[in-house]
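Open your viewer, and let's take a walk through this protein together. At each stop you get something to select and a note on what to look for.

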Amino acid sequence: MPGAARLRFPRPGLPATLDVLRVREFRLLYSGQTVSVLGDGMLSVALAFAVLDLTGSVTDLGLVLAAGRAPLLLTVLAGGVVADRLPRRSVMVGADLVRLGAQGASAGLLLAGSAHLWELLALQALSGTASGFFYPASTGLVPATVPEELLQPANALRGLSDSVGRICGPALGGVIVVAANPGWALAADAATFAVSAWSLSLLRLPAHIRPPAQHFLRDLADGWREFRARAWVWLPVVVAGGAGNFFSSFFGALGPGIAKSRLGGAEAWAAILAAQGVGGLAGGIAILHLRPRRPVAASCIGWAMLAFPTFLLALVAPVPVIAAGAFAAGIGLAGAQALWDTALQRHIPREALSRVSAYDWFGSLLFNPVGYAAAGPIAGAVGDRASLGLAAGWLLVGPLVLVTLPAIRAVRDE
């Protein structure tokens, strides 16, 4: 792409698979996002103990967590329109500053001992709203920071950061909560948004090409047409993103109860989740070295690997066996996500990329909480093992059917 190739300069000693780190703009983007993802991992622990210290109510905790996630679903489509129309870096910096303010205010209230539940609800809703604008812009910004041939390793490294954040963030947040209090952990999370905004502000990017001026709803409709015009985009979003997230939620919703009653308790469940996180690291490293000719088909195979731990949990297999399945699922998910993001960035017109990405986000986000809500009632009706077996069946068969479709296999990277 014009401009990005000029940003490269030699850095002797880097392995060939890390050539993307020779690009100054991507290094800035990647470093800022890595710090921010670490803060995201701290947030769940910080909020949990902040609310429990404040009210002692698990119901209140659920409300605060939902307040941070529901606005993301409600604003992500608007975020896609805004990110295609305005410079994506500006959208991301603005979102980071809003999240910095929201989490900083939450931290200040907690540290001052004057926090109320309604204030935390409002501030987390504000943060979630900003995230709805940040994520589509982030997908659309990556191609402006690297040459096209380095998109896949760029996305693989972003996936590695997510895995590190999921593993290290909660641990770091827990240390801060134990050593000090939840307010300081929220303050640390706020600081990560400042780092992200600062690194984004240093980027030197090609000029943003705006689509023709038109009504917001027309922009949204044009993005929908771009989305549904490509079967290789909307079919995976429906099968793997929508229904797949619905059924993958069964593992997280039913797993803790099975672990407590039949696998040995919280330690067993923590080991299973840790194995999936380590698998994500391994998958991110692996996809740095691999470049499948049919990336969307390969990503479908990766999504199908989510069936492994779900099926093994349905069998109430020994913990090491379930952990091995979770490790494989982590590998598959990390590889699938990197390949999917790269396919969108290579094959969707740049001026519509954030809107198409927003529909992808919306389809995935919508069905995840629905799955969590439905898992309990379905398990109550047919049993938890049957529910998990049903989920594993869909998670395996749905993506593998996609692999056989000509529209999926036709997407090639030469």
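A residue is called buried under 20% relative accessible area, exposed over 50% and partly exposed in between, using a 1.4 Å probe and protein chains only. What you have on screen is a predicted model, where local features need pLDDT of at least 70, side-chain atom pairs count only at pLDDT 80 or more, and totals for chains, interfaces and linings use all residues. Residues are numbered from 1 along each chain as its sequence is written, and side-chain values use heavy atoms, with hydrogens and water left out.

**Stop 1: R99**

Select R99, in helix 3 (residues 88-112). Helices here are DSSP runs of H or I with at least four residues, numbered from the N terminus. Is R99 buried or exposed? R99 has a relative accessible area of 2%, so it counts as buried. Now show S131: a polar contact of 3.1 Å joins its side chain to that of R99. Such a contact is a pair of N or O atoms within 3.5 Å; within protein, one must be able to donate a hydrogen and the other to accept it, and residues adjacent in sequence count only if both atoms are side-chain atoms. Leaving aside neighbours within four places in sequence, R99 is in contact (heavy atoms within 4.5 Å) with S127, A130, S131, F134, Y135 and F193.

**Stop 2: Y135 and its ring partner**

Rings of Phe, Tyr and Trp (its six-membered ring) pair if their centres lie within 6.5 Å; planes under 30 degrees apart count as stacked, over 60 as edge-to-face and the rest as tilted. Y135 sits in helix 4 and W361 in helix 13, 226 residues apart, and the pair links these distant parts of the chain. Y135 is partly exposed at 22% relative accessible area, and W361 is partly exposed at 27%.

While you are in helix 13, pick S357. S357 is buried, with a relative accessible area of 2%, and touches P136 and T139, not counting residues up to four places away in sequence.

**Stop 3**

The structure holds 13 aromatic pairs. F251 belongs to helix 8 and W269 to helix 9, so the pair ties together parts that are 18 residues apart in sequence. Both F251 and W269 are buried.

**Stop 4: the cores**

Select V20, F26, L157 and L200. Of the 33 residues in the largest nonpolar core, these four touch the most other members. A nonpolar core is a set of buried Ala, Val, Leu, Ile, Met, Phe, Trp, Tyr and Cys residues joined through side-chain atoms within 4.5 Å. Which helix gives the largest share of this core? That is helix 5, with five residues. Zoom in on F26 and, apart from neighbours within four places in sequence, you will find V20, L21, T145, V146, A154, L157 and R158 in contact with it. A second, separate core of 28 residues includes W232, L235, V237 and V403.

**Stop 5: P170**

Stay in helix 5 and select P170. P170 is partly exposed, with a relative accessible area of 27%. Now show G41: it is 129 residues from P170 in sequence, yet 5.0 Å away in space, C-alpha to C-alpha. Beyond four places in sequence, P170 is in contact with G41, M42, V45 and G165.

**Stop 6**

Select residues 384-403, which make up helix 14: 20 residues reaching 29 Å from first C-alpha to last, close to the 28 Å expected at 1.5 Å a residue. The expected span is 1.5 Å times one less than the number of residues. Colour S387, L388, A391, A392, L395, G398, P399, L402 and V403, which are buried. Looking down the axis, the buried residues fall within an arc of 155°, so they line one face of helix 14. The arc is that of the directions from the helix axis to the C-beta atoms. Among the helices packed against these buried residues are helix 8 (231-263) and helix 10 (295-304).

Finish on helix 10, where eight of its ten residues are buried. Among them are P295, C300 and W303.

Key
Helix = DSSP H or I, 4+ residues; strand = E, 2+ residues; numbered from the N terminus.
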